[in-house]
Structure formats: C-alpha cells, structure tokens
Amino acid sequence: MRRRTGPVAQEQSEAADGRTGVAAREPSGARTGRASTAARESLGVRQGSRRASVFLARRSLATHRRAWAAVIVATGAAAALIGAFAFVVGSLLVAAPPVQRYTGADAVVVADQKVSYTAKPWGSEPRTTTAYLPERARLDRSVLAAVAGADGVAKAVADDSVPVSTGDGRPAVGRSWPSAVLTRYELAEGRAPREATEVVLDAALAAGGPAPGERVVLRADGVARTYTVSGIARTGDGGDASPAVFFTEPRLTALAGHPGRIDAIGVVAEPGVSRDALRDAVGAVLPERSGVPGSDRGVRVLTGAERGEAEHVDALGGRGDQLGLLGSIAGTVLMVALLVIASTLSQAIRQRSGELALLRAVGASPRQLRSAIGREAGRVSAAAALLGGIGAVPLGLAMRSLLRTGPLPLPVPWWLPPAAALTGGLLVALLARPVAMLAARSITRLRPAAALGAATADEPSEPGRFRTVAGLVLAFAGISSAGVATTQSGQAAGAAASGAAMSLVIAVALLGPRISRIVLGVLGRPLRKAGGVSGFLAERAASAHTRRLATAFTPIVLVVAFVCVQLASGPTMERAAGHQASAALRADLVATGGGAGLPAGAALAVREAPGVTAATGVLRSAVVLADRQAGEPVLTRLPVLGVEARGLSGTLDPGVTAGDLDRLTGRDAVAVGADRAKSLDVSPGDRVALRLGDGTRVEPRVVAVYEHELGIGEFLFPREALAGHVSAARDQAVLIRTGTASGADPAAAVREALAPYGGGVAVRAATGDDVAIAPPVSDGDNAVIVIGVGVIGGFALLAVVSTLALITTGRRGEFRLLRMVGTGRRQLRRMLVLETGMVTFAGLVIGTAVAAVPLTAFAVSLAGTAPYLPPVHYAVIAGAVALAAAAGTLVPGASAGGRFALGRRAG
C-alpha cells in the first residue's frame, strides 16, 4: 500500500501529536478515574450478563421441567450405579480373611503364598506381575526350632491339618493337640490324647454324640478307623471355622503325609512383648527361604489381622480374580454411564435448539447462552448427584451381599459409604456441565442473523465429518479387537467381549443418523402399508428426524448388546466344555467322598470289586503359568487334573492327537492341550516350565497332546506328581468303568468295596461334570452375572425409558399441530405404537448384530462352536426392552400435550 503524503497526512499527524500532547499534559488522577470508571462499567456488564444467564436458566428449568426430570432420572441412576461399584470395589480392596484358627496366636510364620514374574515388554522397562498360589506352600520343619529360640517367644507350635470325616459323613479338620492353644481350645471334659488311637473332639462335633471314654469312627488317611474319645474341648474364638478333631502330634504328622514339612508355625509371645517387637525378633532368626527342596518361597511373619491369610491361603487370590472381573465390568459401567448421560443431555438440549437459536437471534450473547445452559445442567446434575449418591449405598450393599463368601467377608468401614456416594455424585456433576455446553455449541456459535434462520430450519439429517470418522474408527476398532476375547475363558471372556461390544455400541451412537436411514429404507415401506395413515405419519416423522430416531434406539442397542454378551459368553463356554467333558468320559460310575475326599487307596479298592474293569482317582489342583500377552508379563492360574495312567483309557479319553498317555507316570511327565501346546510351541518330548500349586518350579516333559482341553483342562498330570504339592492329597472322585457281567450289580459291588471308608461315600452314575475342569457355574461367577446383567441391564433399561420419555415430551408441539390439522386421537396413538415398534425392532436387530461380532470371534476361536444363548433368555431380553420402550413412549405420549394432544381436539 502506498504511503499517504501531503496536507491531509500532515493534518492527521498534527492532530495525533495534539492528542498525544493533551494526554501527556493530562493529570494522572484523571486517567486513573477514567480507568476505574471503565472497570466499573465492565464489572456492571459482567454482572448484568450473569444476571441474564441466571434468569434464563431459572426460567428454562421451570419451562422444561418434564424434560429435565427425565435427565435427572437417567443421570441419577448413573451416579447410583457408579457409586455402587465404587462401594463394592472399595470393600473388596480392604477385605481380608478373618482370624479364626489363630485367635490364640500372637504371630504365625508361613511360607510366602505370592509368586512374581518379571519380563520386559516391547520397547519398555521390565515389569513385574504377581499372583497368589492356589495351594499351601509349606515350611521345612527345621524352621520350628529357629522360631522357638527367638527372643520373646514363649511357645512355637507346628500346625498341620488334614481333612477328616466322621462315620456318618460329617466333615472336620484334624489337628494336633499341642496346636489347640492357637485357637484357645480348653478341655471341658476328659484329658488330652496320649496314644495314637485317642482323640479329643470339638464340642460342636461331639454334641449329642460320644462322651469321653467312648469310641468314634473317623476317616483320615485311608479306611475308617475307630478311636477312643479322651476328651471334649471348647473354644469361644473359633467363629465359623470347621470343627476340629485333635490327635497326638506324632499321629497327626503321620496322617498329614509330609513329615519333613509343616503348614505353619503358631507363635505365643511372652507376657509384655509387643506385636512389633515379636515380629522383629522372629524375623531376625528366620531363613531367607522356606527350606523345602525345589521351592523358592520366602518366609513371612503374620501378626494382627494378617493372621487370617495363613488360614485361607487362596482367599486373596480369589479376591484378585473378583477384582479383575469387577474391574472389567466397572469399566463397562463407566462407559455406559457416559453414553447415557451424553445421550440424554444432548437430546434435552437438541430439542430446544429452536428456542436457543431464537434467543441468539434477539441478541443473547454466546457466553450468556453457554452460561445459562451450564447453570441448568449444573443444577440438574447436582440434584441427580444427590439422589444417586443416596441410592448408591443401598445398591452397593445389595451387590456386596451377592459377593460375600465365607473365607472372605467384605467389610464396610465408616468412610466407605460416603466415599462411594461422593465418587458417583462427583463424576456425574463434573460430566454434566461440559456435555451440555458441548451439545449447545452448534447453536451458540452462530451469528444472530444465521441463528434466526436456524430457529425454523429442519433438523440436519447427516452427522458431522468428525462424528462420522470417529464412528467408523470405533467400528473398525471394535471388530478388530473382538479377537482379544479369544485369549480369555469363562466369565473373563465375557468381560473382554463386552468391551469390544461397547466400542461397537458407541460407534452405533455416532453413526446413528446414517444407520437410521438404513432402518427407514428397510422398515419404511412395510410401516406405511401396514399402518395406513398412522404408518405414513410414523414413517414421515422418523424420516424428518433421523437423529431423534438414532437417539431413541441407541439405548436399546446398548441393553441388548451388553446383556447378550454377558448372558451368552458363559453358556457358550459351558456348553462347549460340557460337550468335550462328556466326550472324554468313558466311565459309567463315579464314587465321591464328600468334603473330605477319598484317599489314594480307594481307587485300588474299587479296582478289585467284581464287575469293575477300570478305576481312576481324580485329584484336582492348579498350576501357575508364566507367559506374555502383547509383550506384557502375565501369570495365569490354571486348574488341572491328576490321574493314574493305569486303566486311564477305560475311564477317560482326552482325545490324544500326539504322544502316548501310557507314559503319563512318575513326577516328570505332563500331557498338554492342543491349543496350549500350540501357544507354547511344545510337542511330545519337549519340556514346559510351570509352577505347581504350592509354588514349586517344575519342567516336566510333554508325553502327549490332546484336544478335549476345554472339558478336562489344559494340563493333565500323573497323580503322584501333584500329591505332594496340594493342601490335602485326597481324590475328589474315582471314575469307574464296569463290565457287562450278567447277574451282577457293579454299583452295589463298588459300595461294598468302599464300605470300610465309612459314611459320606456316594456311588452314582458318572456325568461330564465329574471330569469337567471346573463346576458349570461357580458362586462367584453367578454373583458377577447377577451384578453385570441385573444391575447394569436394569440401569440401561431405565435409560431406555428416560430417553424415550424425554423424546416424547419434546414432541408436544408436533402432537398439537397434528391434532389441529385433523389427526384423530386413535390415529395419533397408533402412530406412537408403530414408532415404538420400529424403534424396538431396530434396536433389537442392531444390538444383536453388535453382540454377535465379539461373541462369534471368541466362541469360534476358543470353543470351535457358534455362540449360544438360551432362547428363553433372549425372549426375556426382548420382552423387557419392549416394555421399557412402551413405558417411555406411550405413557408420556398420553400426556405430552395434555388433553389437547391425545384427548379431545381443540375447538
């Protein structure tokens, strides 16, 4: 640009110099006064803007109270659900096994039950993961003398235990009489046992039974034996612990079967010795390792509440499993809550887009509109947070009652209820305001002239570019990540599959308007033909508001997808495992020994019974496998079976594909499932590194590879390889194959052979569950199913009702207009029914398709079958969704415009 010159420029320069001179000559006080005046004016403008925002928010809350009520219900339920999960997770985190057996001990010395595995992920620093051992790790007996010699120790007692059953089959725990002091048992009658044939009975076991000097039949290490009751003992500190039978220490050591090792050492301190001083003194004399050959377990000194860990060795491991499952579901809960809050708030704001655009057109500033909307959402979320926080506590208590188990009671410390309620309430309150302001962004950023046109414009039918791209990315991520579920099993597989399903559900929400057009293309023509005038109105209303249609069926998709994944994953795996277990079973009878199990000699006795061609004892345990998943170190606890190769082909057929099961003998052999062998890249002749249940490192040689691993587990061991590494070497069952000899009753012969083993022994027809690696559904899995499906599914159904009610309430003007132009009450009601049917059908179909992707991926890869959901379960899902959709549409629709809408026509 050319620089201006000449007289004009000179005059402008002089004027500027004049102003500058005046300003320079002006007193500083005058300048300060003007600045303060400007500041006061600016403050007044801000205060006026704030008052306008407050006025708009207050009036809007009163005008749209029905819409905001639906939002409060949905967000309040989200706050309650988040708070309830925080309640349960917090209770699990502070849960500890109760102290029952060691109430009389000041400290307990045990081997460390935790193992660790360190590996270096790709491009990262080495990481360590830990896991709890499923079986008891023992101490070398030499540790007892070291503990007894520590300063401040009055008594150190070796504490072993064995499962015992009475002659009538009642279970009990066998202990040595010196260990009675650890539970504060005292003789109520008689005297202590002195001979191997004498016992002291717990008063709970002797109630109404033998008295001192009388005889009692007990089964511990083999056939049932008769003992003389020398005394009766009582304690007030045993809690719910199993009743005890006390033997002499030499007899108990012989029954335990591991004379060089002990389960634990109970320590009684001298008077005046504090807990910390006792811990330090005992810890100073302990060896670094347990001293058991082949074991690298450290030694721990437990005091206070920690003593319960010595009683229930797998309680904390079970807690970790439950925390993992609940953590997966809690992540899904958070995503569901976010989706519901975003959906309901966005719909509430979107329904007012014309009103907001009009306010913008008449001069409301973007800041005023954003502030007003934020204040509305803040007040609504505060009410929802308060209601949700109050509801989180009873809901959390109900969920906690489902998860409670005997070994691990869930405490409720005083701070947990308020903390859980605050967690759910704060998350909802913090999310609501930004979500509402983001939903109004498209209106508040318009210029007044453009907003005037937007106030009467139709709803845009196409999602934005960013929304479309994000939806496609999530859809691709959900489909590609569905394969992650194939690395899990059981309910964990269901949790992994639900995560993939959630990605697809969010993709459906983002791509909803485009999916709505597909839905209308499929259902629009049948709707018009079947519904007549009402069908035409329903199809036209949906076509004009594809975003509204998408918002309506998205919560239904969420319900169907989540519940189907949770309900179908377990039955799919159980069905496949049941088929494989049944295919592997060759036995026709099974013998079980109740809670105490059966000793190894039971299988030998059964083999000698008339009509029996083969008998195999089944010992259950677990191993720990160190592996990597995506480069991360992982420790997996896998249940296994221990069997005898002799006669195995007659009772169990794992489906060997390579190797020979006849070589499954000794302590250095293992058979591996085909899929696990492939993942570990092993075959017959190779070795595989494992930890047995008590932490002992082993590298047995693979002697066979089999295909029925879903049914009978991924590893099959010789019984003798596991017997020395389990808490109690008792067979859970004896599989029996009988011949076809005429005139003989094999079951009666087996019962007669097992008669010396006392009461509690049962003989019945064998089923696949007798060899299945785990029960069909455990109590913990049942609890997770109820929580996952019942609580979250119920919340999602409530979201369906709230969202549809919000949409229907926002259509009051539409209903009035239809009535004014002559639409009949029945036609309008039928239109709503047809719209509800279309939304319900579309949501069911899309939700089923979303669930089918991750379910099919893990079912085909892991089980080799299609996903399975019992038809009655799907019928319940469809019925619940239909009822929720009807409640959310037809009930509000009956009063959406008062009597004017669905009642008499305005005159």
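User: Before we start, what counts as a contact here?
Analyst: Contact means heavy atoms within 4.5 Å. Keep in mind that this is a predicted model.

User: Fine. Take helix α6, then. Which of its residues are buried?
Analyst: α6 covers residues 249-256, and R251, L252, T253, L255 and A256 are buried there.

User: And what do those buried residues pack against?
Analyst: Strands. The buried residues of α6 pack against β6 (162-166), β7 (171-176), β11 (225-234) and β12 (244-247).

User: What follows the helix?
Analyst: G257 follows α6, and its phi is positive, near 85°.

User: Which residues other than glycine have a positive phi?
Analyst: R184 is one of them, with a phi of about 60°. D681 is another, with a positive phi near 60°. Most residues other than glycine have a negative phi.

User: Where does R184 sit?
Analyst: R184 is in the loop between β7 and β8 (186-190). Its relative accessible area is 46%, so R184 counts as partly exposed.

User: And D681, buried or exposed?
Analyst: Exposed, because its relative accessible area is 66% and the cut-off for exposed is over 50%. D681 lies in the loop between α21 (674-680) and β21 (690-691).

User: Switching to cavities. How many are there of 30 Å³ or more?
Analyst: The structure holds 5 of that size.

User: What lines the largest cavity?
Analyst: Its lining has 16 residues. Nearest the centre are A552, I807, R811, E835 and V839. Helices α17 (512-544), α18 (546-584), α25 (779-809) and α27 (825-863) are the elements that give two or more residues to this lining.

User: Which element gives the most?
Analyst: α27 does, with 5 residues of the lining of the largest cavity.

User: What about the second largest cavity, what is its volume?
Analyst: About 120 Å³. The second largest cavity is lined by 15 residues, and Q113, R300, E309, A310 and V313 lie nearest its centre. β1 (107-111), β15 (299-302) and α8 (308-311) each supply at least two residues of that lining.

User: New topic, D731. Where is it?
Analyst: D731 is in the loop between α23 (719-723) and β25 (733-738).

User: Why does D731 count as buried?
Analyst: Because its relative accessibility is 1%, and buried means under 20%.

User: Which side chain does D731 pair with?
Analyst: R719. A polar contact of 2.7 Å joins the side chains of D731 and R719.

User: What else does D731 touch?
Analyst: Beyond four places in sequence, D731 is in contact with residues including G597, L598, P599 and A600. G617, V618 and L619 are also among its contacts.

User: Now G768. Where is that one?
Analyst: G768 sits in the loop between β26 (762-765) and α25. Its relative accessibility is 12%, so G768 counts as buried.

User: What does G768 touch?
Analyst: Not counting residues up to four places away in sequence, G768 touches A581, S582 and L585. G768 and L585 are 183 residues apart in sequence, yet 6.3 Å apart in space, C-alpha to C-alpha.

User: How does the whole protein look? How many helices and strands?
Analyst: It has 29 helices and 27 strands. Of its 907 residues, 49% are buried. Among contacts with a separation of 6 or more, 82% join residues 24 or more positions apart.

User: Last one. What is the average pLDDT?
Analyst: The protein averages 83, and 86% of the residues score at least 70. Residues 1-25 have a pLDDT below 50, and this stretch has 3 contacts beyond near neighbours in sequence.

User: Where else does pLDDT stay under 50?
Analyst: Over residues 903-907, for which the model has 9 contacts beyond four places in sequence. Where pLDDT is low, the predicted coordinates should not be read in detail.

Conventions
Residues are numbered from 1 along each chain as its sequence is written. This is a predicted model: local features need pLDDT of at least 70, side-chain atom pairs count only at pLDDT 80 or more; totals for chains, interfaces and linings use all residues. Side-chain values use heavy atoms; hydrogens and water are left out. On a 1 Å grid over the protein atoms alone, a cavity is a set of points where a 1.4 Å probe fits but cannot get out, and a pocket is an open set with protein on both sides within 12 Å along at least five of seven lines; lining residues have an atom within 4 Å of a point. Grid points are joined across faces, edges and corners, and a volume is the space filled by probe spheres set on the points. Helices (H or I, at least four residues) and strands (E, at least two) are DSSP runs, numbered from the N terminus. Buried means under 20% relative accessible area, exposed over 50%, partly exposed in between (1.4 Å probe, protein chains only). A polar contact is a pair of N or O atoms within 3.5 Å; within protein, one must be able to donate a hydrogen and the other to accept it, and residues adjacent in sequence count only if both atoms are side-chain atoms. pLDDT is the predictor's confidence in each residue, from 0 to 100.
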